[in-house]
Amino acid sequence: MKILIMNGPNLNLLGVRETAIYGSTSFDDYLQTLKQKYTDIELVYYQSNIEGELINKLQEVGFSFDGIVLNAGAYTHTSIALLDCIKSITTPVVEVHISNVHAREEFRRHSVISPACKGVIAGFGLHSYQLAIEALIAQ
Ligand code: DQA
């Protein structure tokens, strides 16, 4: 099984950024934990702060990989281009959020990309990514 874990803008700063909300673990450290847990799965990681780069990567893997775990960061709430891209590819995408976006500011409660995703997992800290992988395995 091949799964892409994709993080959008500002998620390269995990472990440093707003630690009260996002925690103090870097994504690189968490990724090692995931890789040790899922030795049978090829976990590919990609992060970009740039919308078009995220789209290029989704198009690149979105017809061959078995699943995509996507935390689109703030583009979740704004990007019709990402919505169109997720609609265009065949690989199932699970939308994840580290924080419970519904318990935060009003503008975070709406996701533009959810309608094109297989499902949404939010609010479990970095464990949200593992839950998304489990959801893809269970497909
Ligand atoms: C986030 C929530 C978004 O609203 C925010 O813009 C992020 C991170 C999360 O993982 O909780 O960058 O996607």
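User: Is Glu106 buried or exposed?

Analyst: This is a predicted model, and the values below are computed from it. The relative accessible area of Glu106 is 58%.

User: Which residue does Glu106 meet in a salt bridge?

Analyst: Side chains of opposite charge can pair when their charged atoms come close. For Glu106 the N to O distance in the salt bridge is 3.0 Å.

User: How many residues apart are Glu60 and Lys57 in helix H3?

Analyst: Glu60 and Lys57 form a salt bridge, with the closest N and O atoms 3.3 Å apart. Glu60 is exposed at 55% relative accessible area, whereas Lys57 counts as buried at 16%. An α-helix has 3.6 residues a turn, so residues three or four places apart point the same way. Helix H3 covers residues 51–61, and about one helical turn separates the two residues, which are 3 residues apart.

User: Which residues are linked in a network of salt bridges?

Analyst: One of the pairs is Glu105 with Arg104, whose closest N and O atoms are 3.8 Å apart. Glu105 is partly exposed, with a relative accessible area of 36%, and Arg104 counts as buried at 16%. The network links Arg104, Glu105 and Arg108.

User: How many salt bridges does the count come to?

Analyst: The cut-off is 4 Å between a side-chain nitrogen of Lys or Arg and a carboxyl oxygen of Asp or Glu. By this rule the count is 5 salt bridges.

User: How many disulfides are there?

Analyst: A disulfide needs two cysteine sulfur atoms within 2.5 Å. By this rule the count is 0 disulfides. For Cys85, the nearest cysteine sulfur belongs to Cys117 and is 11 Å away. Cys85 is buried at 4% relative accessible area, and Cys117 also counts as buried at 11%, but the number of disulfides is 0.

User: About how much space lies in the largest cavity?

Analyst: Rolling a probe the size of a water molecule over the atoms shows where empty space is left. The structure holds 1 cavity of 30 Å³ or more. The space in the largest cavity is about 120 Å³.

User: Which of the residues that line the largest cavity are the closest to its centre?

Analyst: The lining is made up of 6 nonpolar, 6 polar and 3 charged residues. In total, 15 residues line this cavity. The closest to the centre are Tyr22, Asn71, Gly73, His97 and Arg104.

User: Which elements do the buried residues of H5 pack against?

Analyst: Helix H5 spans residues 127–137, and Ser128, Tyr129, Gln130, Ala132, Ile133 and Leu136 are buried there. Contact here means heavy atoms within 4.5 Å. The buried residues of H5 pack against S1, H2, S2, S3, S4 and S5.

User: What is phi of Asn10 near, in degrees?

Analyst: Asn10 sits in the loop between S1 and helix H1. Asn10 is partly exposed, with a relative accessible area of 37%. Its phi is positive although the residue is not glycine, at a value near 75 degrees.

User: Where does Glu18 lie?

Analyst: Glu18 has a positive phi, near 35 degrees, in a residue other than glycine. At 42% relative accessible area, Glu18 is partly exposed. Glu18 lies in the loop between S1 and H1.

Definitions and conventions. Residues numbered from 1 in each chain as written. Predicted model: local features only at pLDDT ≥ 70, side-chain atom pairs only at ≥ 80, totals over all residues. Heavy atoms only, no water. Buried < 20%, exposed > 50% of the residue type's maximum accessible area, 1.4 Å probe, protein only. Helix = DSSP H or I, 4+ residues; strand = E, 2+ residues; numbered from the N terminus. 1 Å grid on protein atoms, 1.4 Å probe; cavity = no way out; pocket = protein on both sides within 12 Å on 5 of 7 lines; lining within 4 Å. Points joined across faces, edges and corners; volume = space filled by probe spheres on them. Nonpolar A, V, L, I, M, F, W, Y, C, P; charged D, E, K, R; others polar.
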